[in-house]
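Here is a walk through one protein model, taken piece by piece. Have the sequence and the 3D view open as you read.

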Amino acid sequence: MILNKKLFQQNVDQETSKTEKENKQKKLIQELSNSELKYKWNIVWKNVIVFIYLHLGGIYGFYLWINGTKAYTILWSIFVEFFAIMGITAGAHRLWSHRSYKAKWPLRFVLMLLQTTSYQNHIYEWVRDHRAHHKFTDTDADPHNSRRGFFFSHIGWLMVRKHPDIFTKGATIDLSDLEKDPIVVWQRRLYIVLMPLLCFVIPTWVPYYFWNEKFIYSWYSNLARYVFSLNVTWMVNSAAHIWGMKPYDMNICPVENKIVSIFAYGEGWHNYHHVFPWDYKTSEFGTYNTNFTTAFIDFCARLGLAYDLKTVSNEIIRKRAARTGDGSRYDRKEAVHYYNLEDMKWGWGDIDMKPEEIQEINIYNKSD
C-alpha cells in the first residue's frame, strides 16, 4: 500500500514537472511572438547600397571568369578565398569566439591576418556578436535571429538597426579575454588600415602586377571571391538554422546541414555545435571531407602551434541525443520539449557552464 502511494506521488510529481516545462515553453513562444510584433526594421540605406554593389560586382566577376579573366587570376582568387574563410572558421569562430582550442602567437597572428582578409568586421566585434548569438539564440538579443526568416538571418540583419535587446543583453557577455589579447587589440586599433590593404588592395594588385591582368578583371575577380566568402558564412546563420535534422536537441532552431558544412569548411553541423559549442570540431564526427577546419587545426596541432583541443566523448553525445534529440541519428527516450535560455552557453569560459559540463570535456594535445 505504501509502495503504491509512493509510485502514485512520483507519477504526480513527474506530470507536474512536465506541465510546468510545457507552460514555460508556451510562455517563451508567446513572448517571442509578441516581440516580433513590436520590432520594426529601421533600414540602413548605406549598407543596402553597398551590398547591392558588392553582389552585382561579384556576379560580374564570376561572369568575367568565363569571359577573359586569366586562369592564374581565378586560381589566385580561390586561394585567397580558401584562407580568408579559414580565418573566420578556425580563427574568429573556433579559437576566439568559443575558445575550443588554444594557439601560439604565430598561428594567432596568421589567423588574425586571414580574418582581416575576409572583412567581416574585426575580431572583437565578430566575437561579441557571435557569443550573443549562442547565448541568446533566436531571440531578440540574437543579432541574426532566424525566427525572422531566411533573408533576415542571412543578410537582412546587416541592413537594419539592431534590436535594443542586443545591446542590453549583449553587454552581459564577458569579453575580457579579448581585451587582454594583444593581437586582437592590435588588429582592432589598426583595422581601418589593415582591412582595405588585406581584403582589397593586395588581392587586386597581385594579379595586376605579377601576370599583367587587366585591373578591372582583377578587381571584379576579387569582389567575386569576397562576396562568395560572405555568403558562405551567412549560410551558417540562415540555412543551418532552417533546413536539416536536430539529432542532439530538437528544442532549438539550429540544424545539421551537410551542404553548408561542405562550403563552410565544417560549420554546418550546427545542431551539434549549439549543444556543444566548446568542441573544436564543431561536429560529432571529425571527418575531414566535410570539415576542412578540423583538418587545419589538427595539422597545426601536429606542428605544435595549436593545443588544448577540447571535445566531447561519444557517451556524453549519445546521452544528450537520447534525452533531447529528434531521433534522426540515435534512438531517444522521452524527449524534453523544453527550451530554457539558461541552458545556452557561448563556449568554454561561459560563467553558466555547469561543473559536470566542464568535467565531461576531453582535452587533447595539452600544454605542458
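A quick word on handedness before the helices come up: a crossing is right-handed if the near helix is turned clockwise from the far one by less than a right angle, and left-handed if anticlockwise.

## The overall picture

First things first: this is a predicted model. The protein chain is built from 15 helices and four strands. It has 368 residues, and 51% of them count as buried.

As for contacts in the protein chain with a separation of 6 or more, 71% are between residues 24 or more positions apart.

## H3 against H10

Helix H3 covers residues 71-97 and helix H10 covers residues 215-237; their axes come within 9 Å and cross at roughly 30°. H3 passes H10 in a right-handed crossing.

Which residues of H3 meet H10? On the H3 side they are Thr-73, Ser-77, Val-80, Glu-81, Ala-84, Ile-85 and Ile-88. Facing them in H10 are Ser-218, Ser-221, Asn-222, Arg-225, Phe-228, Ser-229, Val-232 and Thr-233. Sorted by class, this contact has six nonpolar, seven polar and two charged residues.

## H4 against H9

Next up is H4 with helix H9 (residues 182-210), where the axes come within 9 Å and cross at roughly 40°. Angles under 35 degrees would count as roughly parallel and 65 to 115 as roughly perpendicular, so H4 and H9 are oblique to each other. Their crossing is right-handed.

H4 brings Trp-105, Arg-108, Phe-109, Met-112, Leu-113, Gln-115, Thr-116 and Thr-117 to the contact. H9 answers with Pro-182, Ile-183, Trp-186, Gln-187, Tyr-191, Leu-194, Met-195, Leu-198 and Cys-199. By class, the contact of H4 with H9 comes out as twelve nonpolar, four polar and one charged.

Is Arg-108 buried or exposed? Its relative accessibility is 15%, so Arg-108 counts as buried, the cut-off being under 20%. Setting aside neighbours within four places in sequence, Arg-108 is in contact with Leu-95, Trp-96, Ala-103, Asp-181, Pro-182 and Ile-183.

In helix H13 (residues 292-302), the buried residues are Thr-293, Thr-294, Phe-296, Ile-297, Asp-298, Cys-300 and Ala-301. Their cover includes H3, H4, strand E2 (306-307) and strand E3 (309-312). Just after H13 comes Gly-304, with a positive phi of about 85°.

Helix H14 (residues 314-324) has its own buried set: Ile-316, Ile-317, Arg-320, Ala-321, Ala-322 and Thr-324. These pack against helix H12 (270-275), E3 and helix H15 (355-360).

## Cysteines

How many disulfides does the count come to? The tally is zero. Cys-199 is buried, with a relative accessible area of 0%. Cys-300, at 4% relative accessibility, counts as buried too. Cys-199 is one of the H9 residues in the contact with H4, while Cys-300 belongs to the buried set of H13.

## Loops worth a look

Two non-glycine residues here have a positive phi. Arg-99 has a phi near 55° and is found in the loop between H3 and strand E1 (102-103). At 30% relative accessibility, Arg-99 counts as partly exposed. Asp-308 also has a phi near 55°, this time in the loop between E2 and E3. With 10% relative accessibility, Asp-308 counts as buried.

Finally, there's Lys-246, in the loop between H10 and helix H11 (258-263). Its relative accessibility is 21%, so Lys-246 counts as partly exposed. Lys-246 and Asp-326 are 80 residues apart along the chain, yet their C-alpha atoms are separated by 5.6 Å. Not counting residues up to four places away in sequence, Lys-246 touches Ile-252, Cys-253, Pro-254, Val-255, Asn-271, Gly-325, Asp-326 and Ser-328.

Technical notes. Residues numbered from 1 in each chain as written. Predicted model: local features only at pLDDT ≥ 70, side-chain atom pairs only at ≥ 80, totals over all residues. Heavy atoms only, no water. Buried < 20%, exposed > 50% of the residue type's maximum accessible area, 1.4 Å probe, protein only. Contact = heavy atoms within 4.5 Å. Disulfide = S-S within 2.5 Å. Axes fitted to C-alpha atoms, helices over the stretch in contact; angles between N-to-C directions. Nonpolar A, V, L, I, M, F, W, Y, C, P; charged D, E, K, R; others polar. Parallel < 35°, antiparallel > 145°, perpendicular 65-115°, else oblique.
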